[in-house]
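I opened this notebook to record what I looked up, one entry at a time. The sequence and the structure come first, and my entries come after them.

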Amino acid sequence: MTLAQHHTPPAQHRTPPAPPGPTGRVTPARAVRDRRARLGATWAVLALLAAAGAAGCGGRATTHHKPGTTHQQASGSVGTLLDTQDEAGHRLRQVPSQGAPEVKLAVRPDSEDGWNLQLEVRDFRFTPDSVGGAALAGGGHAHLLLDGHELARLYGSWYHLSAAQVPQGAHTLTVRLYADDHTAWAVAGKPVESTAQLAAPAPDQAGHDHGTTAPPAQQPPPAQPPAPPTPAADRTVTITVHDGKVTPAPGRTELKRGERVALRVTSDRADTLHVHGYDKELPLPAGQETTLILTVDRTGLFEVETHESDLVLTQLLVR
């Protein structure tokens, strides 16, 4: 055999390497692509985690529902949401008895009109600025019920109950605690509430003399000085409710702190006007225009709604 027969052929004539076989051998280019795919997936997961953290951190729960619609339950994770509902259709949110909210109702006659109600609460705080948001442990508001029918929503420990709101006779007052998402706090399947008995006299019996002697002739009351004129409102909002629809369409009324706003509301049904955060209420007789004048001395977003029809009429944005 000669030397020429052992000569190695030039590189350009060598047979190219076979592609990766079933053993899993990977080329350098494919390894680069795999690393890029894994990095992309990692960054996507990190972005999702960051977005979730941003949504769950920072501010207070002030997720108000869309104006002109009824309240919707937010995604609160406190306790267990039961299928049981109260008289108005609110579901119960059950929590363990240890550390659960508690309330006690005290009723005191008012020297001029009606009664003053005091709510003594424990492991509970009133949160009027976050109503409509998610259920937060130990927070929310209260409902006042007269013989099982909702009379008012309470956003503080005191409430004045006018004699005009209570018919003659014996009644049962109930205060019940609710979360910001309008679910009722409950323990062992029962709402957290307190009751008190109330007897309302007939209007013509107030101060009436039941003796046998004739009452002395009544003298005309002395003339009273004229009341000072009410300061004019800086803004007037006129709203009409008919067949469950609000006109004009609910929106936001922007105000500066310290301004006075007049809310002129006409409803085709008897209802109650309520301003969240200020605990202002006014009866709405059917078919009659009613005006509530309010000085906005707190900044924030406050809903104006009706109790019976549960409609948002407008939102006061105070800066």
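**Entry 1: ground rules.** I noted that this is a predicted model, in which local features need pLDDT of at least 70 and side-chain atom pairs count only at pLDDT 80 or more, while totals for chains, interfaces and linings use all residues. Residues are numbered from 1 along each chain as its sequence is written, and side-chain values use heavy atoms, with hydrogens and water left out.

**Entry 2: Ser162.** I found Ser162 in the loop between β8 (158–161) and β9 (169–178), where strands are DSSP runs of E with at least two residues, numbered from the N terminus. Is Ser162 buried or exposed? Ser162 counts as buried because its relative accessibility is 19%, and the cut-offs are under 20% relative accessible area for buried, over 50% for exposed and partly exposed in between (1.4 Å probe, protein chains only). Leaving aside neighbours within four places in sequence, I listed Asp113, Gly114 and Trp115 as its contacts, a contact being heavy atoms within 4.5 Å. The side chains of Ser162 and Asp113 make a polar contact of 3.2 Å, and the C-alpha atoms of these two residues, 49 residues apart along the chain, are separated by 6.1 Å. A polar contact is a pair of N or O atoms within 3.5 Å; within protein, one must be able to donate a hydrogen and the other to accept it, and residues adjacent in sequence count only if both atoms are side-chain atoms.

**Entry 3: His171.** I placed His171 in strand β9, and with a relative accessible area of 8% it is buried. Its side chain is joined to that of Asp147 by a polar contact of 2.7 Å. Not counting residues up to four places away in sequence, His171 also touches others, including Leu146, Val166 and Leu198.

**Entry 4: salt bridges.** How many salt bridges does a search of the whole structure find? The search finds 9, each being a side-chain nitrogen of Lys or Arg within 4 Å of a carboxyl oxygen of Asp or Glu. As background, side chains of opposite charge can pair when their charged atoms come close.

I looked at Glu87 and Arg176, whose side chains meet in a salt bridge of 2.9 Å, N to O. Glu87 is exposed at 52% relative accessibility, whereas Arg176 is buried at 5%. I also noted a network of salt bridges that links Asp86, Glu87, Arg176 and Glu193.

Next I turned to Arg153 and Glu305, which form a salt bridge with the closest N and O atoms 2.4 Å apart. Arg153 lies in strand β7 (residues 149–154) and Glu305 in strand β20 (residues 300–306), so the pair ties together parts that are 152 residues apart in sequence. Both residues are buried.

**Entry 5: nonpolar cores.** The largest nonpolar core has 28 residues, and Leu161 and Leu173 are among those with the most contacts inside it. Such a core is a set of buried Ala, Val, Leu, Ile, Met, Phe, Trp, Tyr and Cys residues joined through side-chain atoms within 4.5 Å. Among the elements that give two or more residues to this core are β7, β8 and β9. I also recorded a second, separate core of 21 residues, which includes Ile239, Val246, Val265 and Leu294.

Conventions. Helices (H or I, at least four residues) and strands (E, at least two) are DSSP runs, numbered from the N terminus.
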